[in-house]
Structure formats: C-alpha cells, structure tokens
Amino acid sequence: MGRFLVTLAAATAVVACSVATMVVRRRMKWRRKWRKVVGILKDLEEACETPLGRLRQMVDAIAVEMQAGLVSEGGSKLKMLLTFVDDLPNGSERGTYYALHLGGSYFRIIRVHLGGQRSTLEVQDIERHSIPTSLMNSTSEVLFDFLASSLQMFIEKEGNMVNLAQPVKRELAFTFSFPVKQTSLSSGVLIKWTKGFAISEMAGEDIAECLQGALNKRGLDIRVAALVNDTVGALSFGHFHDPDTIAAVVFGTGSNACYLERTDAIIKCQNPRTTSGSMVVNMEWGNFWSSRLPRTSYDIELDAESMNSNDMGFEKMIGGMYLGDIVRRVILRMSQESDIFGPISSILSTPFILRTNSVSAMHEDDTPELLEVARILKDLGVAEVPLKVRKLVVKICDVVTRRAARLAAAGIAGILKKVGRDGSGGGRRSDKQIMRRTVVAVEGGLYLNYRMFREYMDEALRDILGEDVAQHVVVKAMEDGSSIGSALLLASSQSVQTIQSV
Ligand code: ADP
Ligand code: MG
C-alpha cells in the first residue's frame, strides 16, 4: 500500500511537471509571438511619427509647392487649378437650383430654393446613393446615362412640389470630385480619374458636355450651367453662411482643398478676368508629395498595388478610401509573422476589405471587452483573439488615423501660411491686430463621422499655429456643403430666376 502511494505520488509529480513545462513553453512561445507583433507595432509607430517639427516642415513644403504651382503649369505636383470662380455666394441669391454631386463613394442630387436671405435657404430635397462599384470601371456612356436616369427619377418624383406652369428650364450644378482643368465656370476636361475610378477614354473629355449629352438623350430640359469641384462647393457653402470663409477642405473617400487666392499671385494665368481681384484655386492636394512625409512600407505596398501608383501620395495617407487598407496591411503582416491572430485569414488578404468606417468603429469601441473590435475581426476571418490582441488592433487604428489627421492639419496650416493667415507674417506673430478671423470649411464623411480623426486634426492645427493664432482660425464642419454650395454658386453666378417653388 505504502509503495503504491509512493508510486502514485511520483507519477502525479511527473504529470504535474510535464503540464507545468507545457504551460511554461506555451507561455514562452506566446511571449515570443507577442514580442514579435509589439516590434511590428513599434516600427509602425516610428515610421508614422509626426512631431511638431516635422509637421512644420510639411507646412512650409505645402506653401512652397502652392507657390510653384501658381507660377507655371506643371511647376509642382500641386496642380493649383483655376476654377473661374471669383465671386462667392453671400446670401442674397434667389431662385431654385439643382446640384448633382459625383463623389468617390456616393452621388447626391439636391434641389435648393433661395429667397434672397441667408435664413431663407431651403434644401427642399436631397437624395444620397452609393455609387455601384460596377460603374467605376464602366464606360463614359454607362456612367453618364446612370447619372441622367437618377436625375430623371428625382425630377419625376418632384410632382407638385415645383410649379411646372413656370418656365421649366432647370439649372443644374454638376459637382465633380475629380481633377478637372476648367475652361470656364461651366466647362472643363477630366485630367485623370482617382479614388478607384477607371473609366477608359475619358481623360480630356469635357465633363459638363458628357452629362449634358446624357440629359439631352433622355429628353430632359436641364442645363448643366456650372461644373464645380466638390471643395469649391464646400467653400461656396461656407462663404454663403460666413464671409470670413477663405478655404475649404474635403476629407471623404479622398482628400482635396481649395482657397481664395489673389489673381495677381496666379502668375501662370495672364488674364484671369475677374472683377473681385481674386479667384478660387483648386489645389488638388491629394497629389502633394514631399520626401519628408512619414511613409511606411505599408504605404509603399498599397501604392504599388494601386491602379494609380506613384500618384496621389498625400491622398493615400489621409483619404478615407485608404486608411482602412493601411490598417489591414499591418494586421496582415502581424498575422503572417506570428500566429497571434490564429491561422492566416484569406479574407484579411483581400485588398480594401477593411473599410475606414470599421477602423473608426474599432478605434472608438468603448466596451470594456472591445466587443466591436471582436466582431469586426471575426468578419475578417480572425476569430476569438484575446483582449490583449484586440487592444493591439485599436492601437494600430490609432497610429494610422493620428498620422492622417496630423498631416491633414499641416495641409490646412500650409494654406493659411500661403495666404498670410498663419500669424508668421513679418515675424509679428504676437501682434494680435494683424490676425483676421479666418474660417476653413470642412466637408467629407471621414471628418464628419470619425471623432478621433477630428480631434487629432484640431489638436495638431492648434499645436502648429499656437494658441494666439489658433483662436482666430475656425474650422467649420459642413454636412452636404459640397452639393448645396455648388447650387448656391450657380445661383450667385446667375441673376435670372428659373423655376418658382409653389
Ligand atoms: P464621397 O467621398 O463620396 O463624397 P463622403 O464625403 O461621405 O463621400 O465620404 C465617404 C467616406 O468617408 C467613406 O468612403 C469613408 O472612407 C469615410 N467615412 C464615412 N463614414 C465614416 C466613419 N464612420 N468613420 C470613418 N470614416 C468614414
Ligand atoms: Mg465628397
């Protein structure tokens, strides 16, 4: 009996020992894997660093590039496109106008009525639809017929809302969120597609004419009377409400900015023919590039695999289309180099499968167990990872979004520097008298819906400008500003009233 007990005790000890060894080994293995992913995160953090000094270099670089783009055609990666917009809406406009807005992910149709005062602006109808992905790679004919048919349905639904006994020539602003070389307020040719659009044989085509042709084919009595970049629409909307608005920035699927420039500073344009002495310039800042931009191996891969590689470098770091894919690439690298996320998920290897909406949902997940993170990872084929790993994913979202937001702030500060509103003029930074109130209108789903992006951007802008200057700079969010503002701009460019609402 005694011997049996001794044997049992020994056997138990052996089992306990081997279990303990297994546990220790497993823990060591986990630690090794964990160290590996922490290393990847550290590298990402370092590569994405945007200390104030670096942001200030960006500000200077943007202001210098803006200047170069104004001096000569092709003088900079910033195209600094003329818009032929010199007078912005001020609230006195009258009439009923339409806008059709083709964005990167959505198209919108609106009808506004203006009664001659700011307070009488009435957005009578607004429709917003996702752009079917099949359209992005279709033909010009398919795209414009789709837009025309959507507009036709919108107008058919108007019914009795508009008094059709009046002259019914409808006036439409076409808000277009891609680079266009304008030839007048109502015409311009496509320079190139961006944001995943790839409709062949369209570069060089007059965009307004294409839409007008499609509307005519359907027998619609609508005149495409203005072709407006989305940033210019946002600026118009901002200016309508607040005349101190001098610039507008869009952070949506892509990113771009425009601002009001003195015509004598637009050296490449000999005869700008404006009455106000200024013109809105569409920067096309998505294409900004500087070797000082904090670029990571993920950005390089994303660019190389994109359909417009070596192009739109800034947009690929700050645009809503891309942030999710950068985060996806980091998680994929971690999962390839350690099995901390379980077996490598084929879903995770699919480009653009992780949307920026999901990045913000994970980043702003305030459940103690990070249940939203768990749900989104599950959708990516990554099931049941420990809380520690879910926290790591939140950190990745934070690093990528913080970099984007801080670079966005540097872009805005670059514009302010160019127009002498950053307080640096003549070294009189502390002289409050020279600082004028400056409003920057901001539009786009990324800015409007992603709180952390907004907060990081606002914080960085304050840091770059310093409190003394920042108190004079107002960043104003404008939902649907691009679409509504384009209609307002069209209204301000015309004095004739076209349709009367009942
Ligand atoms: P468009 O670019 O078509 O004009 P929006 O300005 O509405 O459209 O921007 C849409 C983009 O904004 C989406 O593709 C996405 O990248 C980003 N976005 C929208 N909602 C969110 C969100 N909740 N969190 C983060 N990004 C968002
Ligand atoms: Mg947009």
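This report walks through the nonpolar cores, one glutamine and some salt bridges of a predicted model.

A few ground rules: residues are numbered from 1 along each chain as its sequence is written, and chains are lettered from A and ligands numbered from 1 in the order in which they are written. Local features need pLDDT of at least 70 and side-chain atom pairs count only at pLDDT 80 or more, while totals for chains, interfaces and linings use all residues; side-chain values use heavy atoms, leaving out hydrogens and water.

**Nonpolar cores**

A nonpolar core here is a set of buried Ala, Val, Leu, Ile, Met, Phe, Trp, Tyr and Cys residues joined through side-chain atoms within 4.5 Å. Buried means under 20% relative accessible area, exposed over 50%, and partly exposed in between (1.4 Å probe, protein chains only). The largest core has 90 residues, and F251, M283, W285, F341 and F453 touch the most other members. Helix 12 (residues 387-418) supplies the largest share of this core, with 18 residues. Helices (H or I, at least four residues) and strands (E, at least two) are DSSP runs, numbered from the N terminus.

Take F341: leaving aside residues up to four places away in sequence, its contacts (heavy atoms within 4.5 Å) include I331, M334, V382 and L392. Another core, of 35 residues, lies apart from the largest one, and F144, F197, I199 and L227 are among its members.

**Q57**

Q57 sits in helix 2 (residues 52-71) and is partly exposed at 36% relative accessibility. Its side chain makes a polar contact with the side chain of R292 at 2.8 Å. That term covers a pair of N or O atoms within 3.5 Å; within protein, one must be able to donate a hydrogen and the other to accept it, and residues adjacent in sequence count only if both atoms are side-chain atoms.

**Salt bridges**

There are 32 salt bridges in the structure, each a side-chain nitrogen of Lys or Arg within 4 Å of a carboxyl oxygen of Asp or Glu. Three of them look like this:

| Pair | N to O distance |
|---|---|
| E158 and R111 | 2.7 Å |
| E158 and R170 | 3.0 Å |
| R462 and E467 | 3.8 Å |

E158 belongs to helix 4 (residues 140-158) and R111 to strand 3 (residues 106-115), 47 residues apart. R170 is in strand 5 (residues 170-176), so its pairing with E158 ties together parts that are 12 residues apart in sequence. E158 is buried at 4% relative accessibility, as is R170 at 9%. By contrast, R462 is partly exposed at 38% and E467 is exposed at 52%.
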